[in-house]
Amino acid sequence: MRTTVGIIGGGPAGLLLARLLHRTGIDCVVLESRTRAYVEQRQRAGMLEQGTVDALRECGAADRLDLEGLTHHGIELRFDRERHHIDFPVLTGGRTVTIYAQTEIVKDLVALQLADGPPLLFQAEAIAVEKPERDAPLVRFVHEGREQTLSCDYVVGCDGSHGIAHNAFPAGTSRTYAHDYPYSWLGVLAEVPPSCEELIYARGENGFALHSMRSPAVSRLYLQVPIGTDLRDWPDERIWDELAARFAIDGDWRLERGPITSKSVTSMRSCVHEPMRHGRLFLAGDAAHIVPPTGAKGLNLAVSDVRVLARGFAELHRTGSTGLLDRYSEMCLGRVWQATRFSYDMTRMLHAQPDGDAFEHRMQLARLRRITASRPAAAELAANYTGLPLAL
Ligand code: APR
Ligand code: PHB
């Protein structure tokens, strides 16, 4: 097999890149190790910056998003049994965010790709990228039990945080910066209308809780839990009680309860690989960097990477210049580090330290108080949450 751009991974990064390339007449092949059913039901975050919505619209993948996406004008911060509204349009000159689940984006992109797009192979597992420095790098992969080779002009690793593309960077050509957080998130989906109009980020006495949503009938909720938490210790009743305690305020508000349809525990990590390119191999999305979910930057970063990359390939296709492609890593990393800093700060501000450090708790409350008392401090949060410019 031969193609111009070989894409490893059919998550949001790989699928969107394929659509953007297809639109500019550049051929590509997407290799995805899992089944279609698996990638379409994997639960992930669901907060889209305006730039993410624009990119999906640009490639004709936003019909359902435009119908079902929920526009949010802010978030709520809760601490000390108080609630505070952070008003995005007022603080950012009109910006908003859209709530639409990542799983739904994946479904929309897969359907388009299978209808008229370049090949998307499921159960096609890449095992190695070879000769990334040469004119025609190769991807070796296994499909239907047979080992095959995809010969490419360029390879893009969109294969997530456990992918193999990064392994093709020779020793000494790349550096990894990582931080592990000392807690996890227990996430649930519940068939109950959200008890709020916008997302609630709460620093409860016992730790963090987040109230998000998937639709007017489905809520998505998260609780900070210790690393190594066993879901068997968290029957539904205990989850609801703990959520209610962490969201509790003085005043009139009630957390509605309903049937829980899924539960999972996620670890929290920040990680950045630098640079994001070696020769003709590029990394995009989780393959290049991961952030903890506080602030929901993962998907938005993946989308901004592939937008920059698609522009680079379009320029090469149109003019023969590799100018933009050559600056890919540098252009993305400014934004990547800003999102890494923002999600690190949000995480550290809202989670209880496992050792219960009372001084640290006071520092968190002082930071939260500053955000709710000072317009510039709130504006800084709103600018980061709604999304910084594409390339910094
Ligand atoms: N060969 C082929 N496909 C692979 C391989 C491989 N060796 N390794 C991993 N994959 C596939 C995974 O099965 C997955 O579908 O690559 C895809 C990577 O997708 P994601 O993990 O979703 O990563 P990405 O597309 O970068 O999306 C960005 O934002 O909200 C965050 O982490 C969240 O997934 C989200 C991310
Ligand atoms: C979600 O809806 O799953 C979500 C929203 C915001 C976050 C994290 C997760 O910060």
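I started with ligand 2: strand S14 (207-215) and strand S15 (218-225) each put at least two residues into its shell. Strands here are DSSP runs of E with at least two residues, helices are runs of H or I with at least four, and both are numbered from the N terminus. S14 has the largest share of that shell, 3 residues.

Before going on, I noted that this is a predicted model, where local features need pLDDT of at least 70, side-chain atom pairs count only at pLDDT 80 or more, and totals for chains, interfaces and linings use all residues. Residues are numbered from 1 along each chain as its sequence is written, chains are lettered from A and ligands numbered from 1 in the order in which they are written, and side-chain values use heavy atoms, with hydrogens and water left out.

**Ligand 2, continued**

I counted 14 residues around ligand 2, with Tyr201, Ser212, Arg214, Tyr222 and Gly295 the closest; to be listed, a residue needs a heavy atom within 4 Å of the molecule. By class I get 8 nonpolar, 4 polar and 2 charged. Nonpolar covers Ala, Val, Leu, Ile, Met, Phe, Trp, Tyr, Cys and Pro, charged covers Asp, Glu, Lys and Arg, and the others, Gly among them, are polar.

Next I looked up polar contacts (pairs of N or O atoms within 3.5 Å). The side chain of tyrosine 201 has an N or O atom 2.7 Å from an oxygen atom of ligand 2. For arginine 214, a polar side-chain atom sits 2.8 Å from a ligand 2 oxygen atom, and for glycine 295 a backbone N or O atom is at 2.9 Å from one. Alone, ligand 2 exposes 280 Å², and the protein buries 100% of that (Shrake-Rupley, 1.4 Å probe).

**Ligand 1**

I found 27 residues around ligand 1, including Glu32, Arg42 and Asp286 among the closest. The shell has 11 nonpolar, 9 polar and 7 charged residues.

A polar side-chain atom of aspartate 286 is 2.5 Å from a ligand 1 oxygen atom. The backbone takes part too: proline 12 has an N or O atom 3.3 Å from a ligand oxygen, and a polar backbone atom of glycine 298 is at 3.4 Å from one. Ligand 1 alone exposes 700 Å², of which the protein buries 90%.

**Cores**

Which residues touch the most other members of the largest nonpolar core? I get Ile7, Leu16, Leu56, Val156, Leu309 and Phe313, out of 73 residues. H8 gives the most to this core, 10 residues.

Technical notes
A polar contact is a pair of N or O atoms within 3.5 Å; within protein, one must be able to donate a hydrogen and the other to accept it, and residues adjacent in sequence count only if both atoms are side-chain atoms. A nonpolar core is a set of buried Ala, Val, Leu, Ile, Met, Phe, Trp, Tyr and Cys residues joined through side-chain atoms within 4.5 Å. Buried means under 20% relative accessible area, exposed over 50%, partly exposed in between (1.4 Å probe, protein chains only).
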